[in-house]
2 protein chains.
Amino acid sequence: MVTNKKNTIYDIADQLNISVATVSRALNNKTNISPTTKELVLKAAEKMGYEQNKLALALKSGKSKTVGVIVPRVDSSFFGSIITGIEEELNAHNYSVIICQTHGDPKKEIANIDTLLNSQVDAVFISTSMKDVSALERVLKKGVSLIFFDRKKTMENVSSVTINDFQGGYSATQHLINTGSKRIAYFSGDLDLEIFQERLAGYKHALSDNGIEYNENYIFRTESNIDEGKKAAKKLLKLNPLPDAIFSSSDFAALGAIQELRANNLNIPEDLSVIGFANEPFTQFMELSISTVDQFPLKMGRMTAKVFLEQEENPTNMVIHKKVVLEPELILRKSTKK
Amino acid sequence: MVTNKKNTIYDIADQLNISVATVSRALNNKTNISPTTKELVLKAAEKMGYEQNKLALALKSGKSKTVGVIVPRVDSSFFGSIITGIEEELNAHNYSVIICQTHGDPKKEIANIDTLLNSQVDAVFISTSMKDVSALERVLKKGVSLIFFDRKKTMENVSSVTINDFQGGYSATQHLINTGSKRIAYFSGDLDLEIFQERLAGYKHALSDNGIEYNENYIFRTESNIDEGKKAAKKLLKLNPLPDAIFSSSDFAALGAIQELRANNLNIPEDLSVIGFANEPFTQFMELSISTVDQFPLKMGRMTAKVFLEQEENPTNMVIHKKVVLEPELILRKSTKK
C-alpha cells in the first residue's frame, strides 16, 4: 500500500498507545524497557514500514556522512568536473554528496544552505555568489564544516581551494601582447565576484607591465553566456579604432563574440585574437578551436574534498584551515595568433 | 567558537542534567513542563547554538518540502535543463531541490536513494539506470513519492514523464531515408535502458516501413561520449560498402563520429549524413552544425514537478498516477542533406 506520509516514532507510539520515549528506547536497543514491550514496538515498526535511518542516528551523533555542494550551475563542464572530483574523493571515504544550484542568485543560495543544514550535512562546500557572509556564518555556528572552492569570500578560519585568477588574467593578456595585440578588449564577468575582480586585475597589470594604457572603453561587463558575448561584440564593433583582441573571462561569452565577429566578416585570429577562460570542452572541438585558460576543475574538486577529509580526520578539537591556490594554464589554439 | 559537532537535544539534556523528553517538551512548546524549566532549556539551547530545524519538524510531520532529483550526470545541457525546469516549478511552491548524480552506476544510484531518504525528502524524481526495481520500491515503502523522468522503469502506480523515444528514432531515420540514404548506421547507447531500446525500435521500424533490410553490422554499441563516437566511427570506416549515414542516439557520440570522419577526409553531409539526439547546445554552434532530435528537457522538468505537485495537492488519500509522453522534434542543420 502506498501512503502519502512517512511513519515516524510518533505514529508507532500512537498505534500502540504508549509513549514516544518508550518507542525510542525500544528502537535504540536500550535496557530500561521490558522485553515484551520492545518486541511489540519492533513488530509494529516493521509492519508500518518504519526504518530507523542514518538521519535519526545523525541527529544523535552529529555526523551524517553526507556533504552538500553548492554551485552556481551544474550544467557547465567546469562545475560538473569539480563535483565529479569531490565525489570521487568522498565516495572512497563512504561519504555521499548532494548538490544544489543557485543560478548565481544569493536568495537561492540562502535557501540551499537551509536545505542542506536541514538535511544534516556534515559539511557545505560552496562556490558562493553571496555579497555578505551572514548566511555562511550560520553554517559554522551550527558546527557544520564550510569550505570554499572557486568563488570564495574572505572569512576567517574557513578553508578554500581556488585557482590563481590573477595569474590566469595576466598570462592570457601577456600572450595577446606577445603576439602583437595592443588594443585588447576585456569581457569582465560579474565584477562583484572576487574571481572576476582578480582576472581583471591580472589583465590591467599585464597592460601596465607592457606600457599599454588601460582604456575604460575596452571593458565590457558580460555575464557568462553566449548571448552576452554576442551583445558585447556588437558594442565593440562600434569602436574606432577596432580592438585587435578580446580576452573574455568566460568561454561562453568568447564563443558568442566569435560568432558575432564572423557574422560581420571579421577573421579570427587575423583581425582579432580571442581568448576565453575555463577550457570548456566546446572550446577544443570547434573547428576554430578557442584559446583559453585551464582551471583544472577535477583537481579543484578533489583538493576541496581532501581539505575536508584532513580536517575531519584531525583527532583533536583544533581545526586545520588551508588556502589552496592552484595555478591555471594557458591553452593556445586557433583563435589566437601564433 | 567553532566546534566540530552539532549540538542536539541530547547535548542540551546532558548539559542541564535533565531528560531528553523534558528538553523536547520545552522546545516544542508543550504545556506539561514548568515555566522555569522551559526558560532554562530555551536559554541553554540558544547559548549552545541549537536550532530546531525543519528536519526535526519533518520527522514529526512527515514533510520536509524538499525534493531529491537523481540524474546520470549533471553536466549535460539535457539533464541540466531538466533540473532547472524542476527547480522553477518547485521553488515557486516553496520546495527546495537537492541533486545527486549516478554516473549511470546502479550502485551509486542505490547510495543516492539512501542519502535522499535519510535527508527526509518528500519525493524522489529519478532518471534511473537500474536493472531491477527493488531499491526503487524501498522509496515507495517509506511513503516517499517517486516519479520517473526520461529513463524510467515499468512500475505500477508510479508516474513518469518521458519523451516518445520511438518517434524520435523513427523521424530521424525517416529523414535520412527521405534525403537519399540507404545504408544507415546506428549508434545505440546502452541497450539495457528503455530509452535506447525505443530509439532503436524507431530506427528499425522506419527501415522496415521503407523496405530497407535491417543490417546487424550497422549497429554500433556506444556510450554517450565523444570518444565512443570516434571509436565507433573507426570501426564503421572498415565496412564495405561504407554506410551513407549515421544516426547516433547521442549528440556526444555524433560529434566524435564527425571528428573522426573528417580526420579521414570524408565530407559531411556529402559522403555521410549525421544526426544526433538531444539537441545539446554545441550541436547548434558548431560551424558544421549537427542535425538532432530535441527532447524539450526544460518542459520535461516542469512537467515532472507539476505531476508531483498535483499528487501532493490531492486532498484524499488516493494517489494520481500519470504517464506523460512528450513529442520530440527533429531539428535539421548542416550535418544532413537537404
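In chain A, strand 6 (residues 184–187) and strand 7 pair in the parallel sense over two bridges; two strands are said to pair if DSSP finds at least two bridges between them. Helices (H or I, at least four residues) and strands (E, at least two) are DSSP runs, numbered from the N terminus. Within this pairing, Phe187(A) stands opposite Phe220(A) of strand 7.

Before I continue, a word on the basis of these values. This is a predicted model, in which local features need pLDDT of at least 70 and side-chain atom pairs count only at pLDDT 80 or more, while totals for chains, interfaces and linings use all residues. Residues are numbered from 1 along each chain as its sequence is written, chains are lettered from A and ligands numbered from 1 in the order in which they are written, and side-chain values use heavy atoms, with hydrogens and water left out.

Contact here means heavy atoms within 4.5 Å. Axes are lines fitted to C-alpha atoms, for helices over the stretch in contact, and angles run from 0 to 180 degrees between N-to-C directions.

Let me turn to strand 5 of chain A. Is this strand buried or exposed? Five of the five residues of strand 5 (residues 159–163) of chain A are buried, so it is largely enclosed by the rest of the structure. Buried means under 20% relative accessible area, exposed over 50%, and partly exposed in between (1.4 Å probe, protein chains only). In a regular strand the side chains alternate between the two faces of the sheet. For strand 5 of chain A, both faces are covered, with Ser159(A), Val161(A) and Ile163(A) on one side and Ser160(A) and Thr162(A) on the other. Three bridges join strand 4 (residues 145–149) of chain A to strand 5 in the parallel sense, and the bridge partner of Phe149(A) is Val161(A). Strand 5 of chain A also runs parallel to strand 11 (residues 323–326) of chain A, joined to it by four bridges; there, Thr162(A) has Val325(A) as its bridge partner.

I now move to chain B. An open sheet of four strands has the order 7-6-8-9 in chain B, with parallel pairing. Its edge strands are strand 7 (219–220) and strand 9 (273–275) of chain B, each of which pairs on one side only. Strand 6 (residues 184–187) and strand 8 (residues 245–248) of chain B are paired in the parallel sense over four bridges, with Ile246(B) as the bridge partner of Ala185(B). Strand 8 of chain B also pairs with strand 9 of chain B, in the parallel sense and over three bridges; here Phe247(B) has Ile275(B) as its partner. Both faces of strand 8 of chain B are covered: Ala245(B) and Phe247(B) on one side, Ile246(B) and Ser248(B) on the other, are all buried.

How does helix 10 of chain B pack with helix 11 of chain B, and at what angle? Helix 10 (residues 226–236) and helix 11 (residues 251–263) of chain B pack at an angle of about 50°, with their axes 6 Å apart. That makes helix 10 of chain B oblique to helix 11 of chain B, given that angles under 35 degrees count as roughly parallel, over 145 as roughly antiparallel, 65 to 115 as roughly perpendicular and the rest as oblique. Residues making this contact include Ile226(B) and Ala233(B) of helix 10 and Phe252(B) and Leu255(B) of helix 11.

Finally, Leu242(B) is found in the loop between helix 10 and strand 8 of chain B. At 25% relative accessibility, Leu242(B) counts as partly exposed. Not counting residues up to four places away in sequence, Leu242(B) touches Arg183(B), Leu236(B), Leu237(B), Leu266(B) and Leu272(B).
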